[in-house]
Amino acid sequence: MARFLLRRCGQGIATIFLISLIVFLVVYFIPGDPVTVMLGAQGTPAEAATLRHEFGLDQPLFVRYGLWLWHALHLDLGTSVLLGKSVVGEVLDALPVTLELAFFAILIALLIALPAGVAAGVRQNSWVDFLARGVAFGGQSIPGFWLGLMLIWIFGVRWPIFPTYGFTPPSEDIGQNLRCMVLPAFTLGVYLAAPLTRYLRASVIRTLSEDYILMARSKGITARQVILRHVVRNSLIPFVTQLGLQLAYLIGGAVVIEQVFSLPGIGQLALIAFQNRDYPVIQGVILLVATGFVAINVAIDVLYMALDPRIRLQGSAQP
Amino acid sequence: MTLRGEDTNGPEAAPAMALAEGPLFTDDSLPIRPTRSGLARALTTLRRWPSFTMGLAVVVLIVLAAAGAPLISPYDPNVPNFAQVLQGPSWQHLFGTDDLGRDMLTRVIYGARYSLGISGTAVGLATLIGIPLGLFAGYVGGVFDAVVGRVSDALFAFPAVLMAIAIAAMLGPSARSAVIALALIAIPEFSRVARGAMLVEREGTYVEVSRTLGSSWAFIIFRAILPNALGPLLVLISLGFANIVLNEAALTFLGLGAQPPVPEWGAMLSVARRYIVSAPYFALFPGLAICLLVFAFNLVGDGVRDLMDPRQRRRS
């Protein structure tokens with residue numbers, strides 16, 4: 001177990017280094033010169049050279065990568081070209097908005113997916129199954145940004161119940177903060193709940209047709225116990241992986257949803273940075289978000305192992 | 001030697017025998033039934049799985065509409081008509097008109113071409129690269145698996161849209177950049193699911209039997225394991241198609257995919273967003289078109305899952 005954990009953490013660190021290289025190279029190959037963007041048409045070549053030197057843009061590629069990595073390790077991701085603030089500060093300002101959105105979205109998604117997925121799988125082809133499948137199909141087929149637009153139209157324009165754009169920090173007004181999160185979190189939650197419900201249902205059905213379920217039933221274990229102890233537990237293994245996979249989609253979805261509801265989160269920060277060729281912010285946002293995902297992936301692998309004894313045994317048997 | 005259909009060693013041994021002796025069952029249930037023609041079998045399958053059939057029918061209809069867009073569209077998708085901007089639905093314009101007075105029905109029909117073309121190419125690339133990579137990595141394990149796993153993790157660690165934004169910024173916003181970005185986003189998922197399916201299947205007794213019989217790794221992966229792992233993979237492809245259609249629309253909505261005046265669904269919604277208060281119908285129909293296509297692919301994916309599972313098939 002300890003060896004598996006160590007190995008998986010080592011792999012995670014290697015992945016983060018690989019990401020840092022990819023991030024650096026992707027940004028390096030983006031056409032256009034940030035110095036020209038900063039100075040505009042009035043900038044002289046001398047001013048451009050000074051700025052280039054100031055940002056280290058006149059150094060060779062690998063020196064720049066090494067320096068950037070060294071500073072990144074010390075949580076110094078540079079200064080935003082556009083706003084002149086530290087990138088870490090920018091990200092820390094935007095992160096709580098995205099995390100709050102993600103938290104409420106996951107909560108809404110799990111509240112829908114767990115009961116709906118298990119009930120639909122256990123009672124396959126019943127009315128519960130048809131209802132859950134119908135709702136999941138609908139939810140999964142609706143583009144999040146379009147659902148957001150329709151919700152803005154219904155609950156913001158036609159019946160103005162919820163705010164349709166902008167963000168109030170919880171420190172300012174917690175009630176208003178929760179109100180302005182309702183529509184974006186619901187939009188994102190439905191987007192997440194649909195695939196999770198479908199996946200859990202499929203997983204439960206697959207587990208139900210396993211021979212050990214037949215064995216458990218023939219041993220006289222009550223139907224409730226079979227479902228809770230065998231079916232749900234075994235169905236949760238692929239479900240946990242799927243939840244991990246969906247987290248990446250969640251942040252991807254959040255980028256778009258933040259745009260629809262004008263929320264000042266990570267997605268909007270990245271989009272504005274890309275539009276303005278704000279290299280340090282682009283690199284910083286991607287590196288930090290990607291590092292978060294690697295950590296989640298490692299955690300999921302460990303969970304996966306804890307849930308499935310077959311994988312646990314195989315993991316410990318490997319050299 | 002075992003008689004066909006006689007299961008003496010439990011269900012796990014059945015696929016191994018199938019390998020050695022060909023398919024156990026030539027039909028859905030029992031081998032004593034006379035073999036029917038492929039067409040008759042296909043028709044029976046379609047009748048038996050109405051939701052799959054409906055999904056497939058909608059996909060086929062949308063493909064036909066996209067292919068025959070110039071024949072069935074009432075107007076030109078790109079010619080503005082400033083006398084009729086932002087009209088609601090009417091007999092003249094069933095889906096209304098956009099901010100430049102262009103017929104929305106026409107633009108929605110033409111939009112199917114872009115959505116299907118861009119998404120289809122991306123799914124094709126992801127399938128051809130991601131699935132063999134994941135299957136092979138899962139089977140051989142060791143260094144190759146570790147390297148594929150790390151690169152896949154690294155790519156996977158980018159949230160899809162953030163990565164697509166990076167690629168679109170690098171290549172310039174266009175349909176081509178969207179295809180590359182969408183394929184790159186999908187490859188790690190395709191390879192991860194394929195690897196996961198392989199990890200489950202390679203522990204099966206039939207794989208052990210196949211190995212004992214001296215089969216090559218290519219035979220074991222593609223002839224023994226792939227048919228058994230095909231269910232989740234086909235579901236992945238059809239659901240992946242649905243996801244890619246959604247991502248493609250989102251990218252274009254953010255202004256990173258196909259550019260105006262191309263009649264693309266996400267691009268139409270991006271413009272319609274500005275008129276959500278005064279002309280909500282403008283946003284309604286392109287969104288419904290995306291929903292319909294994605295819904296159809298989801299139905300097909302779900303149907304494929306049921307169809308590929310012999311236990312489900314026999315029960316029905």
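Residues are numbered from 1 along each chain as its sequence is written, while chains are lettered from A and ligands numbered from 1 in the order in which they are written. Because the model is predicted, local features need pLDDT of at least 70 and side-chain atom pairs count only at pLDDT 80 or more, whereas totals for chains, interfaces and linings use all residues.

Q: How many helices and strands does chain A have?
A: Helices (H or I, at least four residues) and strands (E, at least two) are DSSP runs, numbered from the N terminus. From the N terminus on, the elements of chain A read α-α-α-α-α-α-α-α-α-α-α-α-α. The count for chain A is therefore 13 helices and zero strands.

Q: What share of the residues of chain B is buried?
A: A residue is buried if 20 or more other C-beta atoms lie within 10 Å of its own, exposed if 12 or fewer, and partly exposed in between, with C-beta atoms placed from the backbone. By this rule 43% of the 319 residues of chain A count as buried. For chain B, which has 316 residues, the buried share is 47%.

Q: How many residues of chain B are in contact with chain A?
A: Two residues are in contact if their C-beta atoms, placed from the backbone, lie within 7 Å. On the side of chain A, 42 residues take part. The residues of chain B that they meet number 38.

Q: Which helix gives the most to the side of chain A that touches chain B?
A: Several helices of chain A supply at least two residues each to this side, among them H1 (2-28), H6 (127-141) and H12 (279-307). The residues of this side divide into 31 nonpolar, nine polar and two charged, where Ala, Val, Leu, Ile, Met, Phe, Trp, Tyr, Cys and Pro count as nonpolar, Asp, Glu, Lys and Arg as charged, and the others, Gly among them, as polar. With nine residues, the helix that gives the most is H10(A).

Q: Which residues touch the most other members of the largest nonpolar core?
A: A nonpolar core is a set of buried Ala, Val, Leu, Ile, Met, Phe, Trp, Tyr and Cys residues joined through C-beta atoms within 7 Å. Not counting residues up to four places away in sequence, A:Ala270 touches A:Val255, A:Ile282, A:Val285, B:Leu162 and B:Ile165. Of the 174 residues in the largest nonpolar core, those that touch the most other members are A:Ala270 and B:Ala164.

Q: At what angle do H5(B) and H10(B) pack?
A: Axes are lines fitted to C-alpha atoms, for helices over the stretch in contact, and angles run from 0 to 180 degrees between N-to-C directions. Residues of H5(B) including B:Ser115, B:Ala122 and B:Tyr139 meet residues of H10(B) including B:Trp217, B:Gly240 and B:Glu248, and the residues of this contact divide into 16 nonpolar, four polar and one charged. The axes of H5(B) (residues 104-140) and H10(B) lie 9 Å apart, and the angle is about 145°.

Q: Why are H5(A) and H11(A) described as oblique to each other?
A: In the contact between these helices, A:Glu90, A:Ala94, A:Leu95 and A:Thr98 in H5(A) meet A:Ile266, A:Gly267 and A:Leu269 in H11(A). Angles under 35 degrees count as roughly parallel, over 145 as roughly antiparallel, 65 to 115 as roughly perpendicular and the rest as oblique. The axes come within 7 Å and cross at roughly 135°, so the two helices are oblique.

Q: Is H11(B) largely enclosed or largely in the open?
A: The buried residues of H11(B) include B:Trp265, B:Met268 and B:Leu269. Seven of the eight residues of H11(B) (residues 265-272) are buried, so this helix is largely enclosed by the rest of the structure.

Q: How many residues of H3(A) are buried?
A: H3(A) covers residues 45-54 of chain A, and this helix lies largely in the open. Just after H3(A), A:Gly56 takes a positive phi of about 75°. Of the 10 residues of H3(A), the number buried is zero.

Q: Is B:Ile167 buried or exposed?
A: B:Ile167 is found in H7(B), residues 160-171, and touches B:Ser177, B:Ile180, B:Ala181 and B:Leu184, not counting residues up to four places away in sequence. Because 24 C-beta neighbours lie inside 10 Å, B:Ile167 counts as buried.
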